[in-house]
Amino acid sequence: MPLIEMYERPGFLLRRAHQISAAIFEGSCAELGLTQAQYGALTVLSLEPGIDQTSLARALAFDKVTVLRVLRGLQERGLIAREVSESSRRQMAVRLTPAGARLLKKAELPVHEAYNKLMAPLNAKQREQFIALLQQLTDGLGEEARAAFVPLARPASSR
C-alpha cells in the first residue's frame, strides 16, 4: 500500500515529529511568547556574548534569512542588541540584553517540561537510543543539509 509506505518513511516521520516537538515547545512557552528558534538563539547568546550573526546561524544550523528573522523579532522585543562587530565592520555582533537574560531564565522550567512531555512515550533506555540514533543520522548526513552546522566549542566555564 503506497500510503502506508509513505507514513513509514523517515522523512514523513521526522517532519511529523518536528511538528509535534514545535507544538509542545510553543505550548509550554506560550506565556513567554518563545519559539524553539528564539530559545536556541537566546541560549547561544547567553554562552557566547557578542557572537557574530554568521557564527550564530551556523551554531544553530540556520540559514541567513532565518537567523535574521529570529534576531529581528528578538530585537523588537528588546531581548537582544545588535551592533557592528569590533573585529569586522562587515559583521554584526549580537548580545543578550538584561531583559533577554531574564526571559531565558524564566524559560528554564517550561523548556524542561516540554522536553519531558516530548520524551514521555519513551523509557530512559529508549530516550538514550533515540538521541544517539538522531545524532548518528545528523552526523552521517550533515553535508546534505541546506544550512551549515558548526557547533560551538564548550565555553571554558562548563569544561
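This is a predicted model: local features need pLDDT of at least 70, side-chain atom pairs count only at pLDDT 80 or more; totals for chains, interfaces and linings use all residues.

Reader: Noted. Where does Tyr7 sit?
Author: Tyr7 is in helix α1, which covers residues 2-7.

Reader: Which residues form a nonpolar patch with Tyr7?
Author: Leu3 and Met6. With Tyr7 they make a patch on the surface, and the three together have about 280 Å² of accessible area.

Reader: OK, zoom out. How many helices and strands in the protein?
Author: There are 7 helices and 3 strands.

Reader: And what order from the N terminus?
Author: The elements go α-α-α-β-α-α-β-β-α-α.

Reader: What box do the C-alpha atoms fill?
Author: Roughly 60 × 35 × 35 Å, along the principal axes.

Reader: What share of the residues is buried?
Author: 26% of the 159 residues count as buried.

Reader: Surface next. What is the accessible area, and how much of it belongs to carbon and sulfur?
Author: The protein has about 11100 Å² of accessible surface. Carbon and sulfur atoms hold 56% of that.

Reader: What about contacts between residues 24 or more positions apart?
Author: They account for 52% of the contacts with a separation of 6 or more.

Reader: Last one, charges. How many positive and negative side chains?
Author: 21 positive and 16 negative. The centres of the two sets lie 4 Å apart.

How values were computed
Residues are numbered from 1 along each chain as its sequence is written. Side-chain values use heavy atoms; hydrogens and water are left out. Patches are made of residues with over 30% relative accessible area and no salt bridge: like charges are joined within 9 Å, nonpolar side chains (Val, Leu, Ile, Met, Phe, Trp, Tyr) within 5 Å. Accessible areas come from the Shrake-Rupley method with a 1.4 Å probe; for residues, only the protein chains shown count as cover. A salt bridge is a side-chain nitrogen of Lys or Arg within 4 Å of a carboxyl oxygen of Asp or Glu. Helices (H or I, at least four residues) and strands (E, at least two) are DSSP runs, numbered from the N terminus. Buried means under 20% relative accessible area, exposed over 50%, partly exposed in between (1.4 Å probe, protein chains only). Contact means heavy atoms within 4.5 Å. Lys and Arg count as positive and Asp and Glu as negative; His and the chain ends are not counted. The place of a charge is taken as NZ of Lys, CZ of Arg, CG of Asp or CD of Glu.
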